Amino acid sequence: MMQPTVEPKGPALDPRVTAHLESLLARRPELAVVRQAVVEAFSLLRDSFVSGGTLYLAGNGGSASDCEHFSAELLKSFLMPRPLPPSERLGLPVEVAESLELGLPAVPLTGFMGLRSAMSNDVQGPYEFAQLVQALARPGDVLCCITTSGNSANLVQAVHVARARGVKVLGVTARDGGVIARLCDVEVRAPAGRTFEAQELHLPIYHALALMLEAHFFA
């Protein structure tokens with residue numbers, strides 16, 4: 001049975017945006033159950049970027065790699081060119097201006113090795129992501145936690161800090177969503193139980209989100 005197209009609250013989606021969602025569901029029909037959640041996640045990220053917000057990403061293990069991957073698709077071109085407009089070329093050498101692209105501000109919190117090692121040495125507890133959210137995130141930003149269990153202590157603590165600071169939380173989860181499912185503003189829950197199966201579904205989900213955002217901002 002064909003699923004109805006779901007529109008987010010706010011501006012209607014451009015057909016170029018919805019085309020990427022429909023492509024995702026055609027390639028991975030098992031993700032039809034997260035159609036509404038993907039639209040809500042897109043709307044959350046779109047509205048944050050429009051208002052000047054930044055996306056912060058956190059995850060552990062394979063999900064940490066997903067954070068790096070997702071951010072890379074936002075920080076530079078994915079499928080379509082994003083040349084700098086004249087206003088962004090002012091003061092730049094021609095070869096520099098021609099080499100750079102427009103991007104969306106997406107910061108993976110999985111780096112910061114100095115801070116992370118200092119926290120593990122100085123503080124008892126899983127607070128490295130929480131400290132980064134405290135220091136960097138501002139109201140209007142979004143924290144995206146990619147997690148197959150939804151229960152990782154360092155992610156849960158970061159979510160508590162985000163909520164206290166007026167930062168929206170997007171959970172990309174699996175299984176039963178864990179603790180984070182009860183704390184996030186939007187949850188996209190992959191229909192998978194085992195870790196590697198969840199990760200296999202997380203990638204097409206965030207690829208679709210990146211493509212939808214690219215189409216919205218750069219088409």
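1. Basis of the values. The model is predicted, so local features require pLDDT of at least 70 and side-chain atom pairs count only at pLDDT 80 or more, whereas totals for chains, interfaces and linings use all residues. Residues are numbered from 1 along each chain as its sequence is written, and side-chain values use heavy atoms, with hydrogens and water left out.

2. Overall form. The protein contains 10 helices and 5 strands; these are DSSP runs numbered from the N terminus, with helices being H or I of at least four residues and strands E of at least two. Its radius of gyration, taken over C-alpha atoms, is 18 Å, close to the 17 Å that the globule rule gives for 219 residues, so the protein is as compact as a globular protein of that length. The globule rule is 2.2 Å times the number of residues to the power 0.38. Along the principal axes, the C-alpha atoms fill a box of roughly 55 × 50 × 30 Å.

3. Of the 219 residues, 47% count as buried (buried means under 20% relative accessible area, exposed over 50%, and partly exposed in between, with a 1.4 Å probe and protein chains only). The accessible surface is about 10,400 Å², of which carbon and sulfur atoms contribute 57%; areas come from the Shrake-Rupley method with a 1.4 Å probe, and for residues only the protein chains shown count as cover. Among contacts (heavy atoms within 4.5 Å) between residues at least 6 apart in sequence, 69% join residues at least 24 apart.

4. A search of the whole structure finds 3 aromatic pairs. Rings of Phe, Tyr and Trp (its six-membered ring) pair if their centres lie within 6.5 Å; planes under 30 degrees apart count as stacked, over 60 as edge-to-face and the rest as tilted. F49 and F217 form an edge-to-face pair, at 6.2 Å centre to centre with 80 degrees between the planes. Because F49 lies in helix 2 (residues 35–50) and F217 in helix 10 (residues 195–218), this pair ties together parts that are 168 residues apart in sequence. F217 also pairs with F218 in a tilted arrangement, at 6.4 Å centre to centre and 50 degrees between the planes. F49, F217 and F218 form one aromatic cluster. Within it, F49 is buried at 10% relative accessible area and F218 is buried at 18%, while F217 is partly exposed at 26%.

5. Valine 17. V17 belongs to helix 1 (residues 15–27) and is buried, with 1% relative accessibility. Apart from neighbours within four places in sequence, V17 contacts F42, M212, A215 and H216.

6. Leucine 109. L109 sits in the loop between strand 2 (106–108) and helix 6 (113–122), and its relative accessibility of 0% counts as buried. Beyond neighbours within four places in sequence, the contacts of L109 are Y56, L57, R116, F129, L132, V133, L136 and L143.

7. Threonine 173. T173 is part of strand 4 (residues 168–173) and is buried at 0% relative accessible area. Not counting residues up to four places away in sequence, T173 touches T147, E187, V188, R189, A190 and H202.
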